[in-house]
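Colleague: Could you walk me through how to read domains, helix packing and chain contacts in a model like this?

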Amino acid sequence: MIYEQLAGNLVQGLVLGAVYGMATMGLSLIFGVLKVVNVGHGAFIMVGAFVTLWLFNSLGVAPILAVPAAFAVGLALGLFFYYIAVKRLLKGPELATLLATFSIGVLLEELIKLLFGSEFRGYNWEVGKIDLGITVLPMSKLYAALGSILIAVLLYLWFNRTRAGSAIRSVVEDSEGARVCGVNVGAAYAWSFALGIGLTVASGVLVTMFIPVGINPYMGGGYTLKAFVIAVLGGLASPYGAFFGGLVFGLLENGSYTLFALIPGVEPFALTRFFSFMILLVILLIRPTGLLRGK
Amino acid sequence: MKRDSGKYLPLIPVFAVYLVLFLVGDNISGMWQLMAMLLFYCALGQAFNIFLGMTGYVDFGYVAFMGVGTYGMAVSITGLAHYEGLGFLVIVIGFVMAVLFSTALSLAVGAVALRLRGAYFAIATIGVNEGFRFLIEGARIWNGSEGMIFMAELNKILGRETASALATYWVDIIVLVIAALAATVTLVYMRSKIGYALTALREDEDAAKVMGINVTKFKIIAFVTSASFAGLVGAASWALKTPYVFPPEVFEIHYTVEAIIIVLLGGAGTLLGPLAGGLIYGLSKYYLSIFLPGFQLLIFAPIIILIIVAFPEGVVGMIKKRFRDTALGRYII
Amino acid sequence: MALLELVDVTKRFGGLVAVNRVSLEIEPGQFVGIVGPNGSGKTTLFNVISGVYYPEEGRVMFEGKDITRVPPYKRAPMGLGRTFQIPRPFASASVRENIAVGAMFGTLGGSVNVDESLNIADQIMARTGLEEHRDKQAGTLTPVEKKLMEIARALAMKPKLLLMDEAMAGMHPSAIDEMVSFIKRISQEEGIAIVAMVEHIMRAVVGMAEKVIVLHYGSKIVDAPTKEALEDPKVVEVYLGKALEE
């Protein structure tokens, strides 16, 4: 009985982790290629959430189909912000890109608040549940997890089988060498940034499929922290590391919540979030380059 | 060379501005609230500038220090309320507690985070707000997520009238003093070895190390100083003005955003920068709230992006360049 | 007792051995050239001496004290100074302030205050011809002026030994001669040992150096008074006959 519960917990954690991991891939990609830390990361997830909300409530589009739309929105936003801000700051002090991405996040939050208001919203996508024996999983969560895995696989294939993907990998290895070989390094940076943002906005859709409530302009903040914990877990520069880091984090978060819930007199939700912060600090102390290898 | 008196000249414009703000608020009816708000932003900016401006590191978790400062005052008030006859001493102790708490938290965070470079440091601080807020809520420290309300205790300690006068007038004077103190400390640092070390490590941390500068030590000095002032501001502007403390409010990242805007707008690393930034931001927010309430961040976010890209030295930085070689230049630093 | 002594220092990066069992001695006031092509380990060696890297094996001794694992910022007040190939000024500070930093945290660190450090900076600026740039922002100087300031800043530390990293790289030949005799003069007047790193044997530096140490793929192949080193067949081999030219 206990094992069943534990196994059920495990599955829930992995499913959650897949979505978390996918939500972090964009962050790691941008850091890996441009060495820029996107402090406004959570805001882009929030944008994806609102895209889903709007498409579902206004046009009745099923969330799973909102993913490509969100991705496109993300690409556009990414290119826009790259050319007006990020590009000019790449050569300057680190402080500049940190503050710029942070401000971009604030800007997005305020814009969305202006357009949609700051109340908490949600949607209801009823597609039933699936009984896995050890645990019961809403289909929407399963779709979210499968979608995450699919995107991770597609990204892998794109990086390793296409010319564009190889061009970007070469820029990461040695930008001067790549330039000499005819790779348009500037474009590579721009498209990498755009791709990273696109992935992040798309992940917002999957996140809402997992948690279709509490959507508001300021929801991004909590996800930014989680994303950083995951990114640092998996190696800040590796998107695949981020995915596996997400799985680990999903397990840890789920497990710690269950554990804290057993302790009387504490609030498990809050403590779990404190716990993730502690993990972040510990890893930054011992191994900032990440616990998992893999590029 | 008898130049010692010249060292602290740049404080004159700072104190002059604060004096003007006070006089305007005190003598023109209806202006006190606005002046108080401007003073709050100036104090916040001066305090934040000691770290962001002088080291070039960003602490995204800054508001946490204001938060624990608020708790310091709250704890003092609720803890000492039942001792008869302490009166104002409770407030003084409250400020001491505020500084102790914020110093303690900054040492704890700093010990871990300040060993990390630029981006990693920023990442570490992103979670400090969250982390600390959820620790308080999760472990039910100081009443956890219910927060503390101490209006009754404050009235009991000071008497209803005094407490009210404190909240509406004297607190703002205290904030003015804090702002002036922060500016003074900033200048003292700038003129001392601490300032030189901080400039060196901000410009080129590795070269600074090789020149004999213990960069971690100086980062900690700036970090803790900045945090202590944040604690004082929180204790005054939050705990004493509105006698309750509620975790989601005092750990609201919004204030860190405002601090960043103020310092960048005015000119990071300059003495007058936070002053200019505080005034510009405060006035804008005040007047915007009449026509377009809640819009100030929406308007300032793109302005900040513009500043970062095109005018990184801020308003005072640009003025400083213009007047660099003139007599006026000695006052604008 | 040697001022600086390296005993069997080895530094590895993963599988690559950048410095391989190098031992050497520098006496007080000596002018030594460290020479070797790109990849010979010179920069790594400098980084080990200044504390940026800690070696896997071997010891670094300064004035008889083991400083192998002492952090870089502690080595400066002991008397170990360093300049970089590409100058690293504190750009937003003035030239005067830059040089003063050297005085504040170098060997005099504990005994000078800010004003005294600024005075020292003034003195050094006079000797190095930098006075006209006194209050300019260091970031606005020309590359040659930055190099000069780099050296001035290191001198303000009042070092006992100065590591000069490719100090002459990219300079016009006539400027090199001037620079070298200036450094030699300072070295003799202040009693500072100079360890100058160069990529290939340059007649000017070599003409001033008392001895030359040649590195090749991380190992020391020659450690001899200059004249001998120039005629050593191993050196000739490494440099394809350049040493035979005058």
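Colleague: Which domains is chain C divided into?

Modeller: Domain bounds come from an automatic or database domain assignment. Here chain C splits into domain 1 (28-55 + 70-79 + 159-246) and domain 2 (89-156). This is a predicted model, where local features need pLDDT of at least 70 and side-chain atom pairs pLDDT 80 or more, while totals for chains, interfaces and linings use all residues. Residues are numbered from 1 along each chain as its sequence is written, with chains lettered from A and ligands numbered from 1 in the order in which they are written.

Colleague: How many residues of domain 1 of chain C are in contact with domain 2 of chain C?

Modeller: Contact means C-beta atoms, placed from the backbone, within 7 Å. By that test, seven residues of domain 1 of chain C meet seven of domain 2 of chain C. On the domain 1 side, helices H2 (72-78) and H6 (173-190) of chain C each supply at least two residues; helices are DSSP runs of H or I, at least four residues, numbered from the N terminus.

Colleague: And at what angle do helix H3 and helix H11 of chain B pack?

Modeller: Two packed helices are described by the angle between their axes and the distance between the axes. For H3 (residues 32-55) and H11 (residues 215-240) of chain B, the angle is about 165° and the axes are 8 Å apart. Therefore H3(B) is roughly antiparallel to H11(B) (angles over 145 degrees, on a scale from 0 to 180 between N-to-C directions).

Colleague: How many residues of chain C are in contact with chain B?

Modeller: 21 residues of chain C touch 15 of chain B. H3(C) gives the most to the chain C side, with six residues.

Definitions and conventions:
Contact = placed C-beta atoms within 7 Å. Parallel < 35°, antiparallel > 145°, perpendicular 65-115°, else oblique.
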